[in-house]
Amino acid sequence: MFGKKWAALAVGVMGMTLLTACGGGSDSAGGGAVTLGFSQVGAESGWRTANTKSVQESAKSAGIELKFSDAQQKQENQISAIRSFIQQKVKVIAFSPVVESGWDTVLKEAKTANIPVILTDRSVDSADKTLYKTFLGSDFVTEGKKAGTWLTKEFASATGDVNIVELQGTTGSAPANDRKKGFADAIAGQAKFKVVASQTGEFTRAKGKEVMEAFLKSQSKIDVLYAHNDDMALGAIEAIEAAGKKPGTDIKIVSVDAVKDGMQALADGKINYIVECNPLLGPQLMDLVKKVAAGQEVPTRIETEETEFDQAKAKEALPKRQY
Amino acid sequence: MTGHRLFWPIAALVALLLVDLAVKPSFFSVELRDGHLYGSLVDILRLGAPLILVGIGMTLVVATRGIDLSVGSVVAISGALACLHLSGLGDQNSVGGTLVAVAMALGLCLALGAWNGFLVAVLGIQPIIATLILMVAGRGIAQLITDGQIITITSGPFRAIGSGYLLTLPLSILIALVVFVLTSVLVRRSALGLLIEAVGGNPEASRLSGLRSGRLIWLVYVFGGLCAGVAGLMISANTSGADANHAGLWIELDAILALTIGGTQLTGGRFSLGGTVIGALLIQTLTTTVYTLGIPDTATLLVKAMVVLLVCLVQSPAFRAKVRRRRKSPPPAPADRPVKVEVSA
């Protein structure tokens, strides 16, 4: 029994040594091309898949050698991926942290090895800001604010109460918290805007529909739906239609993301306004990687280029929408 | 009357509905809108249908002393395959194409059920482990089918499965009702139910007494796969899209909860299909209640857990006996009792 265990351990250790040796052997990054180690969260949504594709394609066209690793939603996978990137002596490491905390140790290892780190899409809560070079991603609070600002303009002339229902993202997630806050900030100070019901739709279509169905029955008057992402808005549209109302007309809808299906609904007049949350970070990321690798200074926080869509703009943009 | 085994689940369901009625008097209002019934109660039936189906399948599996953790993944695979086929059709509204999509999805689910049955009945792997394999791998398969994206479809006939109406009633609850009636008749009017209970009660004894328990076990897993497949069609049809990541997520746990509430024993040998239906409706009523009453997100899970705990407590014979004994025990009772009542209220 013991013998077997030890044998297995020995094989494991040998395997690891071999791997390390391989990692050391393939170290050719010092020469021509810049090597980038990228650790992705996973493939949990269409948004994420588009994000991955963008990174892979723009690395190729920018002539950057990409070592890509999928963490399948697990922090320990990401940490071991980053360690192996350090082993392989890549020029730059970039990753989308699964969760906010617990990164200090591995980031220190990268710093000691003199490898700059770029955070994409999501941030970390490390107190020591020198552990990473920069953050590239969206500002979720701003997204919520944009949605709220559109609403105040759309209903500027309304005199009565404007009853708003809100479909929140996954409880406790950064985009849900921030989009809620930004929206609330934007409509604060105007008493006519009332959020009469707010529940989580877990960022999914099914829950968005189910919760909206309940809202439609429990609220006597709904003027506006604010959904934290397109998928929940799409589910809610079905609920509104089943209630015999016209989405986009009887109930105005504003949401965040601008994925293809959402844009289609916007073009069809079922959604009134979408604030973009851009997954196509690739080109901006590659620019940053080149600058960082060349030792240039970069700002510590870079927001992705994001726009907003109304129905006319959606019709224009739809044919070119990749995700 | 309290002796009937469905008394407590039904009492809990009625109590929950009464709470809704008290807080939101409009909860019970059902009206005719666009030629179909419209109201919270109709929602509960329509949205509860997939869980009822998965629950019925799970009940028979549990009756043989098994468990099927893979149903959630099978739900995702079923919806994914049907939507993939539909999205490739030139005319998504064609009834023929929809039927092909449904047949393909259900065929695959039968095969997946047979795989589970093979692992459990032929290879003798413990059910919880055998079905855990498909639970983990199945979601991956569904993601492969959809390529990680949500496949959106526009097929009218397919959508009807999840959100259509027949004779003013939701089609999904009618499908669930048909499955429930057919299954009940089949297991209770024939010896099938008895044989399943015998296998669950004591597999070895029933095998020695000449029962082909292997075949029966195989059969219940195949049936469980089929039920999950139909539920998967309903869930994806309800939102006109296949979401491989979220469709049917944790539905296996809800199904196990539903049948437990309904009085089926996880140790096998005794089951109640009617109880499972009541349990599933109770769970859906709870969810709809949370949304209707506007209970904050952060408290939702806790509220649900409390209700479930309460239902399980009143159902537990040991707990009821304890409460009764305490009430009967004479000495401190008179002074003590009013205080206790106040605290619990």
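**View 1. Ser240(B) sits in the loop between α10 (213–238) and β6 (241–242) of chain B.** Helices (H or I, at least four residues) and strands (E, at least two) are DSSP runs, numbered from the N terminus. This is a predicted model, in which local features need pLDDT of at least 70 and side-chain atom pairs count only at pLDDT 80 or more, while totals for chains, interfaces and linings use all residues. Residues are numbered from 1 along each chain as its sequence is written, chains are lettered from A in the order in which they are written, and side-chain values use heavy atoms, leaving out hydrogens and water. Is Ser240(B) buried or exposed? With 3% relative accessibility, Ser240(B) is buried (under 20% relative accessible area; exposed is over 50%, partly exposed in between; 1.4 Å probe, protein chains only).

**View 2. Ser240(B) touches residues of chain A and chain B.** Among them are Arg205(A), Ile151(B) and Thr152(B), where contact means heavy atoms within 4.5 Å. The Ser240(B) side chain also makes polar contacts with the side chains of Glu238(A), at 2.5 Å, and Arg159(B), at 3.4 Å. A polar contact is a pair of N or O atoms within 3.5 Å; within protein, one must be able to donate a hydrogen and the other to accept it, and residues adjacent in sequence count only if both atoms are side-chain atoms.

**View 3. Here chain A meets chain B, with 30 residues of chain A in contact with 35 residues of chain B.** About 2600 Å² is buried between the two chains, 44% of it from carbon and sulfur atoms. Buried area is the accessible area (1.4 Å probe) that two parts lose on being put together, summed over both.

Note on methods:
Lists of a residue's contacts leave out its neighbours within four places in sequence.
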